[in-house]
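Subject: Structure handover

Hello,

Please find the structure below. My notes on it follow.

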Amino acid sequence: MSNKTQIQMLNPPQRLLMGPGPINADPRVLRAMSAQLIGQYDPVMTGFMNETMARYREVFKTNNTQTLLIDGTSRAGIEAVLVSLLRPGDKVLVPVMGRFGHLLTEIAQRAKAEVHTIEVPWGEVFKPEQIEEAIKRIKPRVLAMVQGDTSTTMNQPLQHIGDICEKHDVLFYCDATASIVGNDLPVDEWKLDALSVGLQKCLGGPSGSAPITLSDKAVDWIRQRKKVEAGIRTDEHKDGVEPFIGSNYFDLSMIMDYWGEERLNHHTEATSMLYCASECARIVLEEGVDNSVARHKLHGDAILFGLQALGLKVFGDIKNKMNNVVGVYIPSEVDGDKVRNQMLNDFGIEIGTSFGPLHGKIWRIGTMGYNARKDTVLQTLACLDACLHANGYKGPSGEATLAALAHYK
Ligand SMILES: Cc1ncc(COP(=O)(O)O)c(C=O)c1O
């Protein structure tokens, strides 16, 4: 006999997701994901794969041939890059400015690399000189850093780091999951060797696919670690001279051959996620990458000015804030969780709490992807204003939306 849970259809409530991500997916992306599956080696499917590669080359502003998707959430992309670039014992330098620098450290440790870190306090970014000094001292094979760290809302300036890496023959990898297309990141101009991202922030999709790109230098190195699986291997296949990659699923040498002309079998493609990732890129390209960055700046500033007009103190170094997320201190006279819960339960709006040293101290509010819009900004400000005052806040009332509207004018 069936009970209620077995027969009820999944029907999530309407929510406006204004935290640091995930955010509401663009309806066009959801539509693309519901398209019917086709076979993995159907020429139409391989055509879609090539088209997806081409779209992400434009999104990333790169000519890198090896621009493809890793099936999994953003950390799948990070893990694929790090485990493929780093042999056990290789040195990697990770500048840590928040939670996600710690994540890169953790993943590199599990790849058995020799991990070196430098740190700045949460809310700050690194100067290029600090990174160059550490590179000279440590002589790493790879520099691995985060561009936008949502845990602190900071956007690490990267334009001079590629030159430093080139000068010292270091492979430059960046995790731009939270910042891509909300903040500038021209991959070739800034000389990145590897980049990984996710869909669930400014790209306006759900999490579950991690687009990456690799420079020729990174590709040449990874190919030296190539190993082809028994069962699909032919006499023509040659293994690389370096120790093979310690993960099968994340072995970029095999994944590149699967996305490349040989179409060498690897995993079963997550077809619905490929449709999804491809549509995310198409929507960005329709708008234009630079226009997307400018839209994130416009709405990010509108919410920033609104929050300041509400009398809230902004966390961190505003000059280096990501366009798409802002942190504000929770006023001492209110219970932060009660305010957030009321926003969710009475208004259906979600804003973010925070991690580690900032837990219970700041809220994080995102304006990104499909939700970087005037209506969402104004609704969030009006709702926060109401919920703060309903919970005993003593600061200004009614000013937040007016400040945002003034910015839009
Ligand atoms: C900068 C950054 N890197 C990595 C991740 C991890 O992503 P995922 O949870 O999709 O694996 C996130 C998630 O918020 C992030 O913001």
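How many residues of the shell around the ligand are nonpolar, how many polar and how many charged? The shell has four nonpolar, seven polar and three charged residues. In this classification Ala, Val, Leu, Ile, Met, Phe, Trp, Tyr, Cys and Pro are nonpolar, Asp, Glu, Lys and Arg are charged, and the others, Gly among them, are polar.

Two notes on reading the rest. Residues are numbered from 1 along each chain as its sequence is written. The model is predicted, and local features need pLDDT of at least 70, side-chain atom pairs count only at pLDDT 80 or more, and totals for chains, interfaces and linings use all residues.

Ligand shell

The ligand is surrounded by 14 residues, and the closest are Thr 73, Ser 74, Arg 75, Thr 177 and Ala 178. A residue is near a molecule or strand if its C-beta atom, placed from the backbone, lies within 6 Å of it. At least two residues of the shell come from each of helix 4 (74-85) and helix 5 (99-110). Helices (H or I, at least four residues) and strands (E, at least two) are DSSP runs, numbered from the N terminus.

Helix 4 and helix 5

These two helices also pack on each other, at an angle of about 45° and with their axes 10 Å apart. Axes are lines fitted to C-alpha atoms, for helices over the stretch in contact, and angles run from 0 to 180 degrees between N-to-C directions. Helix 4 and helix 5 are therefore oblique to each other; angles under 35 degrees count as roughly parallel, over 145 as roughly antiparallel, 65 to 115 as roughly perpendicular and the rest as oblique. On the helix 4 side, Arg 75, Ile 78, Glu 79 and Leu 82 meet Leu 103, Leu 104, Ile 107 and Ala 108 of helix 5. Two residues are in contact if their C-beta atoms, placed from the backbone, lie within 7 Å. This contact has six nonpolar, no polar and two charged residues.

Helix 3 and helix 10

Helix 3 (residues 43-60) packs against helix 10 (residues 271-287) at about 40°, with the axes 9 Å apart. The two are therefore oblique to each other. In the contact, the residues of helix 3 include Phe 48, Met 49 and Glu 51, and those of helix 10 include Leu 274, Ala 277 and Ser 278. By class, the contact has nine nonpolar, two polar and four charged residues.

Domains

The chain is divided into domain 1 (27-285) and domain 2 (289-408), with bounds from an automatic or database domain assignment. Their centres, taken over C-alpha atoms, are 31 Å apart. Domain 1 gives 26 residues to the contact and domain 2 gives 24 residues. The side of domain 1 that touches domain 2 has 10 nonpolar, 11 polar and five charged residues.

Helix 11 and helix 14

Helix 11 (residues 289-309) and helix 14 (residues 399-408) pack at about 145°, with 7 Å between their axes. Their contact includes Asp 301 and Ala 302 in helix 11, and Glu 399 and Ala 400 in helix 14. The residues of this contact divide into 10 nonpolar, three polar and two charged.

A cis peptide bond

The peptide bond from Gly 21 to Pro 22 is cis, with omega near 5°. Pro 22 is in the loop between strand 1 (16-17) and helix 2 (27-33).

Regards
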